[in-house]
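Good morning, and thank you for the time.

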Amino acid sequence: MDTKDLLKKVRKIEIKTRRLSDHIFGGEYHSTFKGRGMTFSEVRQYQFGDDVRNIDWNVTARYNEPYIKVFEEERELTMMLMVDVSGSEFFGTTNQFKKEIITEISATLAFSAMQNNDKVGLLLFSDEVELYIPPKKGKSHVLRIIRELLEFKPKSNKTNIAEALKYLTNVMKKKAIVFVLSDFIDDDYVKTLKITGNKHDVTGIRIYDEREENIPNLGMVQMEDAETGKLQLVNTQSKSVRMAYGEHHRQRVKYFKESFTKSGCGVLNCRVDESYVKKLLGYFKRRG
């Protein structure tokens, strides 16, 4: 992708996702993810209905009329986007790859955080950590994150979620809001997730394609494993083959849901042909 094309794509994603975060997600994000507590802001004259417990008695005595302390939420938060860039993210049978949806969701979340003056960081992973961008504020930083999501070429096609979570736990010392965006075609990460979930506010966003749930009857088909590159002839006419395929997928999904729920983390499932806007909004409202 040349620079001109890349900038065009970044701009397109910015316009679409910025509009969403401005009109829809800004307020929802703010009320869902609270700050670290309340900090003293100023004093003002007491008004009917104010909480008498917040009266500042020193100022009240000085001016001979009641004054009240005003507190503000200490809001500064850090959001980390953990994005799976393994080979299976380039799968899609409708009009979009999983990778494209992941990029749009990540951009929407990043702009929502930016609007609330929070820091955003990015961690791209396969079976190793491919790229880590430390959290920072500002629009140019968010645009850099979108550029990386669009353009980054991973060294590996495989997935290791535990490895990425381990890295995050080591590198992020303060509590962060963490979104893990992946198809979760992996297992054996529940132990590491529990440790991460104890320290951070974690949500797993599973992006999937309907064809991963059930394989259609197409006769003999040559299939390629996106993560290993291995080619294999599969007889999709066979009912037992289709059932085994479906069962294998269901077990993966079950492991994802149970791992995140047991670890006290949030779970969100989004199919590539569904509206991620509705899904995200519903999730924020449930949590808010």
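Let me begin with Cys265, which has a relative accessibility of 9% and is therefore buried, the cut-off being under 20%. Please keep in mind that this is a predicted model. Cys270 has a relative accessible area of 1%, so Cys270 is buried as well. How many disulfides does a search of the whole structure find? The number is zero.

I now turn to the sheet. Six strands make up an open sheet, and their order is β5-β4-β3-β6-β7-β10, with mixed pairing. Which strands lie at the edges? They are β5, residues 129-136, and β10, residues 266-271, each of which has a pairing on one side only. On average, and ignoring direction, neighbouring strands of this sheet are turned by 15 degrees against each other.

Two helices deserve attention here. Helix α5, residues 161-171, packs on the sheet and touches β3 (78-84), β4, β5 and β6 (177-182). The direction of α5 makes about 145 degrees with that of β4. Helix α9, residues 276-287, also packs on the sheet, where its contacts are with β6, β7 (201-208) and β10. Between the directions of α9 and β10 the angle is about 165 degrees.

To close, both helices touch β6, a strand placed between β3 and β7 in the sheet order.

Methods
Residues are numbered from 1 along each chain as its sequence is written. This is a predicted model: local features need pLDDT of at least 70, side-chain atom pairs count only at pLDDT 80 or more; totals for chains, interfaces and linings use all residues. Side-chain values use heavy atoms; hydrogens and water are left out. Two strands pair if DSSP finds at least two bridges between them. Helices (H or I, at least four residues) and strands (E, at least two) are DSSP runs, numbered from the N terminus. Axes are lines fitted to C-alpha atoms, for helices over the stretch in contact, and angles run from 0 to 180 degrees between N-to-C directions. Contact means heavy atoms within 4.5 Å. A disulfide is a pair of cysteine sulfur atoms within 2.5 Å. Buried means under 20% relative accessible area, exposed over 50%, partly exposed in between (1.4 Å probe, protein chains only).
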